[in-house]
Structures are given as structure tokens and as C-alpha cells.
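Please read the following walk through one protein model with the sequence and the coordinates side by side.

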Amino acid sequence: MESVCRRCYHFSKNLYRVTTEDGGVVLLNMLVCPSCARLAKSLGLATVKMESAKRAAKTTGVQAMTDSKQQSVQPPPSIR
């Protein structure tokens, strides 16, 4: 799914979050394309690549499957 860069208005599949804060107050928090993210990074602003929701769900699902231990299946107790 493509999204729009909040700086240059180009469509991009990969988005980055650019943030800056002063004294705990957020001054800038926007999603930008890779080109604008490189510019922000060169200016010393914090940039983080955003992961798509579909990819995050897939990663979480695989991780959940590998982290869980298989439990042995036991027959239910018989009623006498």
C-alpha cells in the first residue's frame, strides 16, 4: 500500500517517521518518504523506518509460533 509523504507529497511504499522534541515537547512528528528521510537525517533529526502493519503482523505471528512451546495432548479424564 502506498502512502503520501507529508513533506513533498510523493507516493511511497516505504515511510519514515521524523521526530524532534525540545524539553520533552514534541515539535515535529511526521511521516516522510526515503528521500526526505535522508535529508532529515543529514540535518540531525531522528528518523525511524516504519514497518507496514502486514509485515509487523507476519513477524509477530512467526515469533509467537517459535516462542511458544508445544504442549502434549492428553486425553480427557474418563468419567466413571
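The paragraphs below go from the overall layout to the core, a loop contact region and a surface patch.

The model is predicted: local features need pLDDT of at least 70, side-chain atom pairs count only at pLDDT 80 or more, and totals for chains, interfaces and linings use all residues. Residues are numbered from 1 along each chain as its sequence is written, and side-chain values use heavy atoms, with hydrogens and water left out.

The protein contains 2 helices and 5 strands, in the order β-β-β-β-α-β-α along the sequence. Helices (H or I, at least four residues) and strands (E, at least two) are DSSP runs, numbered from the N terminus. Confidence is given as pLDDT, the predictor's confidence in each residue, from 0 to 100. The protein averages a pLDDT of 81, and 68% of the residues score at least 70. Confidence is highest in helix 1, at a mean of 96, and lowest in helix 2 (residues 53-67), at 58. Where pLDDT is low, the predicted coordinates should not be read in detail.

Of the 80 residues, 12% are buried. Buried means under 20% relative accessible area, exposed over 50%, and partly exposed in between (1.4 Å probe, protein chains only). The accessible surface of the protein is about 7200 Å², and carbon and sulfur atoms account for 55% of that surface. Accessible areas come from the Shrake-Rupley method with a 1.4 Å probe; for residues, only the protein chains shown count as cover.

Which residues form the largest nonpolar core? It has 7 residues: Cys5, Val18, Val32, Cys33, Cys36, Ala37 and Ala40. Helix 1 (residues 34-42) supplies the largest share of this core, 3 residues. A nonpolar core is a set of buried Ala, Val, Leu, Ile, Met, Phe, Trp, Tyr and Cys residues joined through side-chain atoms within 4.5 Å. Beyond residues up to four places away in sequence, Cys33 touches Cys5, Cys8, Ser12, Asn14, Leu15 and Tyr16, where contact means heavy atoms within 4.5 Å.

Leu15 sits in the loop between strand 2 and strand 3 (16-22). Is Leu15 buried or exposed? Leu15 is buried, because its relative accessible area is 10%. Neighbours within four places aside, the contacts of Leu15 are Ser3, Leu31, Val32, Cys33, Val48, Lys49 and Met50. Although Leu15 and Lys49 are 34 residues apart along the chain, their C-alpha atoms are separated by 6.2 Å. Lys49 belongs to strand 5 (residues 46-49) and, with neighbours within four places again left aside, is in contact with Asn14, Leu15 and Tyr16. From Lys49 to Pro34, 15 residues apart in sequence, the C-alpha to C-alpha distance is 8.7 Å. For the protein, 39% of contacts between residues at least 6 apart in sequence join residues at least 24 apart.

Tyr9 lies in the loop between strand 1 (3-4) and strand 2 (11-12). Tyr9 is not a glycine, but has a positive phi of about 65 degrees. With a relative accessible area of 59%, Tyr9 is exposed. Together with Val4 and Phe11, Tyr9 forms a nonpolar patch on the surface, with about 360 Å² of accessible area in total. Patches are made of residues with over 30% relative accessible area and no salt bridge; like charges are joined within 9 Å, and nonpolar side chains (Val, Leu, Ile, Met, Phe, Trp, Tyr) within 5 Å. A salt bridge is a side-chain nitrogen of Lys or Arg within 4 Å of a carboxyl oxygen of Asp or Glu.
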